[in-house]
Amino acid sequence: MIGIHSLRKTFKTGADSVQAVDRVDLQVNEKEFFVLLGLSGSGKTTLLRCVAGLERPEAGEIILGEHVVSSAERGIFITPEDRAIGMVFQSYAVWPHMTVFDNVAFPLTDGKRRLPRAKVRERVMGTLELVQLSALADRPVPFLSGGQQQRVALARALAVEPKVLLMDEPLSNLDARLREEVRDEIRGLAKKLGITVLYVTHDQVEA
């Protein structure tokens with residue numbers, strides 16, 4: 001489902017350069033929950049961002065399903081919105097001026113995967129039900145706990161019905177009890193929905 005071959009990404013800072021990803025090969029099978037474990041600064045997030053299309057590698061290929069989405073050698077680079085992915089960030093990345101419903105609905109009303117208005121509510125409420133937030137659909141996001149905000153971010157990623165879900169240290173800002181609770185929910189949802197997950201963390205217990 002996810003094929004990464006000889007991937008390389010370098011960042012330049014003035015006269016210096018940092019090799020963030022150096023000829024990485026990785027294969028994640030369909031419906032597999034694959035955890036990438038490594039120290040901070042080891043290039044995990046950069047690798048994930050390359051898969052998402054948020055960074056453009058200098059070398060190597062990325063394949064999602066049957067499609068090559070990035071190939072420096074062949075000049076192929078598919079934009080993030082055309083990669084059929086969902087992504088959950090470490091910082092939640094929810095919009096504080098929106099309600100829970102509007103946060104989850106945003107990629108369905110304003111992105112390339114927009115739905116007819118009649119179907120948006122059905123999709124959003126169904127996704128919020130999955131993450132146990134349907135009762136809070138009209139609540140402004142700033143009035144949610146950290147765990148609830150992370151569920152909103154997860155719901156938004158799932159609402160587009162992605163084939164691949166990318167997760168960048170999504171639990172690191174939660175306390176120990178919430179980490180365990182949300183971790184179990186993520187694992188259960190991935191199994192229930194049958195999606196492929198690439199999950200990045202520096203925490204060995206979490207992995």
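Reply: Happy to! Five strands form an open sheet in the order S2-S1-S4-S5-S6, and their pairing is antiparallel. Strand S2 (16-28) and strand S6 (76-77) are the edge strands, each pairing on one side only. Inside the sheet, strand S4 (residues 59-64) and strand S5 (residues 67-71) are joined in the antiparallel sense over four bridges, with leucine 64 standing opposite histidine 67 in S5. Helix H1 (residues 44-52) packs on this sheet, where it touches strand S1 (2-13), S2 and S4, and its direction makes about 115° with that of S1. Please keep in mind that this is a predicted model.

Now for the helix itself. Helix H5 (residues 176-193) has 18 residues, so at 1.5 Å a residue it should span 26 Å; its end C-alpha atoms are 26 Å apart, which agrees. Which residues of H5 are buried? They are Leu178, Val182, Glu185, Ile186, Leu189 and Ala190. Because they cover an arc of only 130° around the axis, they lie on the same side of H5.

The buried residues of H5 pack against strand S3 (33-37), helix H3 (117-130), helix H4 (146-159), strand S8 (164-168) and strand S9 (196-201). On the face turned away from that buried side, you'll find the exposed residues Ala176, Arg177, Arg187 and Lys191. Just after H5 comes glycine 194, with a positive phi of about 65°.

How values were computed: Residues are numbered from 1 along each chain as its sequence is written. This is a predicted model: local features need pLDDT of at least 70, side-chain atom pairs count only at pLDDT 80 or more; totals for chains, interfaces and linings use all residues. Side-chain values use heavy atoms; hydrogens and water are left out. Helices (H or I, at least four residues) and strands (E, at least two) are DSSP runs, numbered from the N terminus. The expected span of a helix is 1.5 Å times one less than its number of residues. Buried means under 20% relative accessible area, exposed over 50%, partly exposed in between (1.4 Å probe, protein chains only). The arc is that of the directions from the helix axis to the C-beta atoms. Contact means heavy atoms within 4.5 Å. Two strands pair if DSSP finds at least two bridges between them. Axes are lines fitted to C-alpha atoms, for helices over the stretch in contact, and angles run from 0 to 180 degrees between N-to-C directions.
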